[in-house]
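Please look over the chain below before reading on. The report that follows takes up a few of its features in turn.

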Amino acid sequence: MESTSSFGSFSFYEYASPTKVVLWLASIFSGIIFCLIAYTSTAILSSLLIKKYGKLSSAEKIEWNNRGFSTFHALFVSSASFYLIFLSDVFNANSQNDVVITKSSRLSETVLGISIGYFLTDLAMILWNFPALGGLEYVLHHGLSIGSITLSLLTGQVHIYILMVLFSESTTPFVNLRWYLDIAGLKSSKLYIWNGIALFLGWLVARIFLFMFLFYHIWTRLVEVQEVFLFGFYTLIMVPSVLAVMNIFWFWKIAKGMIKTLTKAKHSKGA
């Protein structure tokens, strides 16, 4: 399978060695297994340590456990992405002769594979329990994520941009904690308020400013980016753009929620 265009060319058969294919499949399978382990562990630990868990409905327990493995994935992938982009030499301009969009490593391939496993597992649960775990916007988000990550993994291109987008998952633990506190009846607690503020700031940095930097990075390296084969180039432009619009929409809802919570807390304190 070979893709050619004025932007660049790519041959899948030349890139996908048997060793790489084994690594990809093992990483994806590991991602699925980790999700199942985290789901089961969340259920067991919650039943032992949290009294409220036993009073939840069946649907609420499913979402509770689902958010357990989404938190696990978010912590893992955001930490790995931060390390690969900022601390390692993988994408260092002076570390290799390759242009930045073709740089990758075994670790970056493993991280991408595990994330594919996570998104496949979470999407399966969303569809099976639809719309309890999320509406069509979540299906769109996960579908775009799976498609773009898979394309990057199979071609070895634009890993740096995929990792930038995956770093935005760092806001997920705050989203999940807000839901946990709400379902536990702690919506008026100080922890809920401080978590809301942290979510607002984290979202602003990881899903608004970071995406602005991503587009700036693409623009300043447009000559290199055009080395990507044509379908990959348009995917690189389209997918982050759609996700950015979704992030702005969700950010607006988060901001409204934070203002509402702070106003309510202020009035309660005044009373």
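Where is the place of Pro 131? Pro 131 sits in the loop between α4 and α5, where helices are DSSP runs of H or I with at least four residues and strands are runs of E with at least two, numbered from the N terminus. The peptide bond that leads from Phe 130 to Pro 131 is cis, with omega near 0°.

Most residues other than glycine have a negative phi, and most peptide bonds are trans. Val 158 is not a glycine, yet has a positive phi of about 50°, and Val 158 belongs to the loop between α5 and α6 (159–167).

## How the model is read

This is a predicted model, in which local features need pLDDT of at least 70 and side-chain atom pairs count only at pLDDT 80 or more, while totals for chains, interfaces and linings use all residues. Residues are numbered from 1 along each chain as its sequence is written, and side-chain values use heavy atoms, with hydrogens and water left out.

## Annotated spans

The unreviewed UniProt entry lists residues 21–50, 71–91, 111–128, 193–219 and 231–252 under "transmembrane region"; such annotations may be inferred rather than shown by experiment, and the positions follow the numbering used here, with feature names shortened.

In the model, residues 21–50 are 97% helix and 0% strand, with end C-alpha atoms 42 Å apart. Residues 111–128 are 100% helix and 0% strand, and their end C-alpha atoms lie 26 Å apart.
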